[in-house]
Amino acid sequence: MDKEVLFIGYPKCSTCQKAEKFLRAHGCEAPMRDIVTEKPTAEELRTWHARSGLPLKRFFNTSGMLYRELGLKDKLPSMTEEEQYAVLASDGMLVKRPLLITHDRVCTGFREQEWAEIFA
């Protein structure tokens, strides 16, 4: 299995720190790309979404303050996919984190079991 991975997180996020520890323990040295200073582009999000097989909503940080402030819970159902990509790309804090991207998998959020399968 190709261990080339892209790891995107928020350095101050405890879940992202836990995910980083997990990666290091499994021999993955991919640096954490800061989701705020180097936010995902709409094109990247489109690619990852297509590869993930997940509903686009899974890429939103639905528990984040910005998500609530923007009222996205009520707005998302009527937005087109392109509008959703644009909103996600506008601010890294709107994106579910951490993200783990490999050549064939995309994981949103840190679920140890799911991540362990990648490094098995």
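## Helices, core and salt bridges in a predicted model

Helix H2 is followed by glycine 53, whose phi is positive, near 75 degrees. The model is a predicted one, in which local features need pLDDT of at least 70 and side-chain atom pairs count only at pLDDT 80 or more, while totals for chains, interfaces and linings use all residues. Residues are numbered from 1 along each chain as its sequence is written, and side-chain values use heavy atoms, with hydrogens and water left out. Helices (H or I, at least four residues) and strands (E, at least two) are DSSP runs, numbered from the N terminus. The mean pLDDT (the predictor's confidence in each residue, from 0 to 100) of the protein chain is 94, and 98% of its residues reach 70 or more.

Helix H1 covers residues 14-25, and at 1.5 Å a residue its twelve residues should span 16 Å, which agrees with the 17 Å between its end C-alpha atoms; the expected span is 1.5 Å times one less than the number of residues. Cys16, Ala19, Phe22 and Leu23 are the buried residues of H1. They fall within an arc of 115 degrees when seen down the axis of H1, so they line one face of the helix. The face of H1 turned away from this buried side carries the exposed residues Ser14, Lys18, Lys21 and Ala25. What covers the buried residues of H1 includes strand S1 (6-9), strand S2 (32-34), strand S3 (99-101) and helix H6 (112-118). Just after H1, glycine 27 takes a positive phi of about 75 degrees.

**The nonpolar core**

A nonpolar core is a set of buried Ala, Val, Leu, Ile, Met, Phe, Trp, Tyr and Cys residues joined through side-chain atoms within 4.5 Å. The largest such core has 38 residues, and those with the most contacts inside it are Phe59 and Trp115. S1, H1, H2, helix H5 (81-90), S3, S4 and H6 each supply at least two residues of this core. Leaving aside neighbours within four places in sequence, tryptophan 115 is in contact with Phe7, Ala19, Phe22, Leu23, Pro98, Leu100, Cys107, Gly109 and Phe110.

**Two buried positions**

Asparagine 61, found in the loop between helix H2 (42-52) and helix H3 (65-69), is buried, with a relative accessible area of 9%. Not counting residues up to four places away in sequence, asparagine 61 touches Tyr67, Met93, Leu94, Val95, Lys96 and Arg97. Leucine 72 lies in helix H4 (residues 72-75) and counts as buried at 3% relative accessibility. With residues up to four places away in sequence again left out, leucine 72 touches Phe60, Tyr67, Pro77, Met79, Val87 and Leu94.

**Salt bridges**

Side chains of opposite charge can pair when their charged atoms come close. A search of the whole structure finds seven salt bridges, a salt bridge being a side-chain nitrogen of Lys or Arg within 4 Å of a carboxyl oxygen of Asp or Glu. The table gives some of them.

| Glutamate 20 | Arginine 24 | 3.1 Å |

The last pair links distant parts of the chain, with arginine 105 in the loop between S3 and strand S4 (106-108) and glutamate 117 in helix H6, twelve residues apart. Arginine 105 is partly exposed, with a relative accessible area of 26%, and glutamate 117 counts as partly exposed at 47%. Salt bridges that share partners join Arg33, Glu38 and Glu44 into one network; within it, arginine 33 counts as buried at 11% relative accessibility, whereas glutamate 38 counts as partly exposed at 46%. Glutamate 20 and arginine 24, being four residues apart in helix H1, are separated by about one helical turn. Glutamate 20 is partly exposed, with a relative accessible area of 25%, and arginine 24 counts as partly exposed at 27%.

Technical notes: Buried means under 20% relative accessible area, exposed over 50%, partly exposed in between (1.4 Å probe, protein chains only). The arc is that of the directions from the helix axis to the C-beta atoms. Contact means heavy atoms within 4.5 Å.
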